[in-house]
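Let's take a walk through this one, starting with a strand pair and ending at a helix. Keep the viewer open as you read.

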Amino acid sequence: MTTGQNLTGSQRVQKLQTMLHAKAKEEPDRRFHALIDKVWRMDFLTEAWDRVRLNGGSAGVDRETVDHIEAYGVEQWLGELSQDLKDGTYTPKAVRQVLIPKKQPGQFRPLGIPCIRDRVAQTSATLVLEPIFEADLQPEQYAYRPERSATDAVNRIHRLVNTGHNEVVDGDLSNYFGEIPHAELMKSIARRVSDGRMLGLIKAWLEMPVEEEDGKGGKRRLNRARHERKGTPQGAPISPLLSNLYMRRFILGWTVLGYARRFRSEIVNYADDFCVLGKAPAAEMLAAVRQIMDSLKLAINDDKTRCLRCPEEALEFLGYRIGRNYRPQGGAYIGTKPSKASVKSICRKISAQTAAKYGLMSSGDMVRRLNWMLSGWANYYHLGQVSSAYAAIDAHTTKRLRQWLCRKHKVKAGKYVRYPDERLWNTYGLLRLAPMTKGLPWAKA
């Protein structure tokens, strides 16, 4: 039998997580009062460091990188962070904000990048808190949870539509992460956590200032979160847990206020995306959604929120289209497939990767990069009728790689003879998606 002394650091972390989860599950009203001392434990900080390092990501405002820390000495660096957390001298730095382009032209999503030091501290705290709150999260919540995924959420919607839950509210919230009110969120945390120092640490992370471009080549720091007392920065390791915890209020409210029973409905939630599927008119369900969201101080995005009846009108959720599909041999059924927008998105990324500016890249590196993109896309988009999407992406990828090779080797004529599809697949090793459908249960549906 393995003793506690013989456990590795990672095993000790897992053992404590299992214990915390079991206690939280057994005692729904239990408040945990001694948690902060786990955050500065070296086994937790080491596990947090390993996760942050594997996730990669850019440096924060202090410009400190993983390479800098490894050159300095990881154990010493973690020891100093542990001491600062223990002494109470730890103070988070500003978050570096970058703007990520959205699908809509000219629109951007703000992403906050904390310093690595803060990312490690937050990850360590998340390792402590996650097993406690996992016991409280609802079955309708699929994001950022063990053994749950976005495709599980899509499958659940598919099943609900197939069992007569045809009235749908396809919901969208305006800037959910940026609008979560701090006071209400801290109440949700304090319901389980009575450790004052842990609560103070979370509050400090919620109020980190943001550094952004000032439009004149310089930087400026703002602290909207502290002044307006709302928001949790997307990109911070603790934000997924906090966002799930606050969304839990909506899920619980739907049941406690009787809407689940009254509308014979169920919510499917993934991060800030949600659908309500029921057997009552969607407009009535949307009115109830608004009432709860107003009480939570969250705003519905009217431009993106829709009421529809599925499968008469297809629903698009998490990159999938759920609606009426047609079999090649004839006959309609309710099924899933990658949305047109998701196919267009990967094709745009392939076009960008094979642009002229990458002409100096080796053919092997180019194919490896394309294969990484294709396999990642196919690993997610494997539900339902995928054959036509895979074929379209194969056609686009071979075309773009052929054009890139012709530019690189200055081939002006005979490009299909020099670079036929078979050579791109068999000699260059380009991944072909179409044959992958043979192993998928619904691919030929």
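Start at the hairpin made by strand 10 and strand 11, which have five residues between them. In the turn you'll find G330, with a positive phi of about 105°. Keep in mind that this is a predicted model. The two strands, with strand 11 covering residues 332-338, run antiparallel and pair over seven bridges. Look across from Y320 and you'll see its bridge partner in strand 11, P338.

Now for the aromatic rings. A search of the whole structure turns up 14 aromatic pairs. Take Y259 and F263: their ring centres are 5.7 Å apart and the planes meet at 5°, so this pair counts as stacked, the cut-off being under 30 degrees. Are these two buried or exposed? Y259 has 8% relative accessibility and therefore counts as buried; F263, at 2%, counts as buried too.

The rings of Y320 and Y380 have centres 5.6 Å apart, and with their planes at 55° the pair is tilted. What does this pair tie together? Y320 lies in strand 10 (residues 320-326) and Y380 in helix 16 (residues 363-380), so the contact joins parts that are 60 residues apart in sequence. As for accessibility, Y320 is buried at 0%, whereas Y380, at 22%, counts as partly exposed.

Elsewhere, arginines sit over rings. R30 lies over the face of F32, 5.0 Å from the ring centre, and R148 does likewise over Y142, at 4.9 Å.

Last stop: helix 3, residues 42-55. An α-helix has 3.6 residues a turn, so residues three or four places apart point the same way. Just after helix 3 comes G56, with a positive phi of about 70°.

Key: Residues are numbered from 1 along each chain as its sequence is written. This is a predicted model: local features need pLDDT of at least 70, side-chain atom pairs count only at pLDDT 80 or more; totals for chains, interfaces and linings use all residues. Side-chain values use heavy atoms; hydrogens and water are left out. Rings of Phe, Tyr and Trp (its six-membered ring) pair if their centres lie within 6.5 Å; planes under 30 degrees apart count as stacked, over 60 as edge-to-face and the rest as tilted. Buried means under 20% relative accessible area, exposed over 50%, partly exposed in between (1.4 Å probe, protein chains only). Helices (H or I, at least four residues) and strands (E, at least two) are DSSP runs, numbered from the N terminus. A charge sits over a ring if NZ of Lys or CZ of Arg is within 6 Å of the ring centre and within 35 degrees of the ring normal. Two strands pair if DSSP finds at least two bridges between them. The expected span of a helix is 1.5 Å times one less than its number of residues.
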